[in-house]
Amino acid sequence: RKALDYALLLGTLDKPRVGLLDTWALNISADALFSQNDLYAAMDEYKLALMVDESNNLARNSLGICLARMGRLTQARQHFLTAIATDKKDVMAHYNLGFIAQKLEEWDEAKAAFKRCLKLDSGHVYSLIRLGQLWERQANLGQARKYYKQAVAKSLAADDSLKDDEALLRDDAFTLLEQIKDDKALDTLVGFLSDKDEQVRY
């Protein structure tokens, strides 16, 4: 069944494909369980995917995310560090490592991780938002606003569907930025920007 799901994902009705029961088929199965919020079952599948191929960083990151959502931050961090050791350019791993550091109130480590994300991907909106939040926490509102503005600008540039309403969106977004004080407001901004960055799953 898992191989069939993989084959269906790869192919179309007019061009069927063959799917193997390999690390990617297990990863897809785990993702389906993750989307249903069945974290324990998803973790089992991600572990199987890693047993087949320990270099599967998608599974490694996803396993770390499951652990983080359960509050097991130290274990999650180790998986993100392992992912980075496997691939230093893994933006997802750097981002999630930064978010773990932020949750653990390791502010300098968090900033460093998010800045590494931006070196790898200058349009990584979530890293810009998190850096803005970290600067705001330190009462440096000038730096915070700089990163928030970049986040809005990058999101507008990346989403053609927003350009017709760019002026209105820009005004509304900056009004919202003035009100950001906590995670709830941050999440509102992220939703407002409708950012669809596939690398961010936390």
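This is a predicted model: local features need pLDDT of at least 70, side-chain atom pairs count only at pLDDT 80 or more; totals for chains, interfaces and linings use all residues.
**The overall picture**

Let's start with the whole protein. Its secondary structure comes to 11 helices and 0 strands. If you read along the sequence, the pattern is simply α-α-α-α-α-α-α-α-α-α-α. The protein has 202 residues, and buried ones make up 47% of them. Its accessible surface comes to about 11100 Å², with 52% of that belonging to carbon and sulfur atoms. As for how the chain meets itself, take the contacts between residues at least 6 apart in sequence: 47% of these join residues at least 24 apart.

Two packed helices are described by the angle between their axes and the distance between the axes.

| Helix pair | Angle between axes | Distance between axes |
|---|---|---|
| α2 (residues 23–35) and α3 | roughly 170° | within 8 Å |
| α3 (residues 39–52) and α4 (residues 57–69) | roughly 150° | within 9 Å |
| α6 (residues 91–103) and α7 (residues 107–120) | about 160° | 7 Å |

Take α2 and α3 to begin with. Their axes cross at roughly 170°, and angles over 145 degrees count as roughly antiparallel, so that is how α2 and α3 lie to each other. The crossing is left-handed. On the α2 side, the contact is made by T23, L26, N27, S29, A30, D31, L33 and F34. From α3 come L39, A41, A42, E45, Y46, L48, A49 and V52. Sorted by class, this contact has 11 nonpolar, 3 polar and 2 charged residues.

With axes crossing at roughly 150°, α3 is roughly antiparallel to α4. Here, too, the crossing is left-handed. Helix α3 brings L39, A42, M43, Y46, K47, A49 and L50 to the contact, while α4 brings A59, R60, S62, L63, C66, L67 and R69. These residues divide into 10 nonpolar, 1 polar and 3 charged.

The angle of about 160° makes α6 roughly antiparallel to α7, and the two cross in a left-handed way. The α6 residues in the contact are V91, H94, Y95, L97, G98, F99, A101 and Q102. Facing them from α7 are W107, E109, A110, A113, F114, R116, C117 and L120. By class, that gives 11 nonpolar, 3 polar and 2 charged residues.

Leaving aside residues up to four places away in sequence, A110 touches G98, A101, Q102 and L134. Of these, G98, A101 and Q102 are among the α6 residues that meet α7. A110 can also be placed relative to R130, which is 20 residues away along the chain: their C-alpha atoms are separated by 8.8 Å.

Most residues other than glycine have a negative phi. Which residues go the other way here? E105 does, with a positive phi of about 60° although it is not a glycine. A139 does as well, with a positive phi of about 65°, and it isn't a glycine either.

Both are found in loops. E105 is in the loop between α6 and α7, and A139 lies in the loop between α8 (125–137) and α9 (141–158). E105 is exposed, with a relative accessible area of 54%. A139 is exposed too, at 61%.

Note on methods:
Residues are numbered from 1 along each chain as its sequence is written. Side-chain values use heavy atoms; hydrogens and water are left out. Axes are lines fitted to C-alpha atoms, for helices over the stretch in contact, and angles run from 0 to 180 degrees between N-to-C directions. Helices (H or I, at least four residues) and strands (E, at least two) are DSSP runs, numbered from the N terminus. Angles under 35 degrees count as roughly parallel, over 145 as roughly antiparallel, 65 to 115 as roughly perpendicular and the rest as oblique. A crossing is left-handed if the near helix is turned anticlockwise from the far one by less than a right angle, and right-handed if clockwise. Contact means heavy atoms within 4.5 Å. Ala, Val, Leu, Ile, Met, Phe, Trp, Tyr, Cys and Pro count as nonpolar, Asp, Glu, Lys and Arg as charged, and the others, Gly among them, as polar. Buried means under 20% relative accessible area, exposed over 50%, partly exposed in between (1.4 Å probe, protein chains only). Accessible areas come from the Shrake-Rupley method with a 1.4 Å probe; for residues, only the protein chains shown count as cover.
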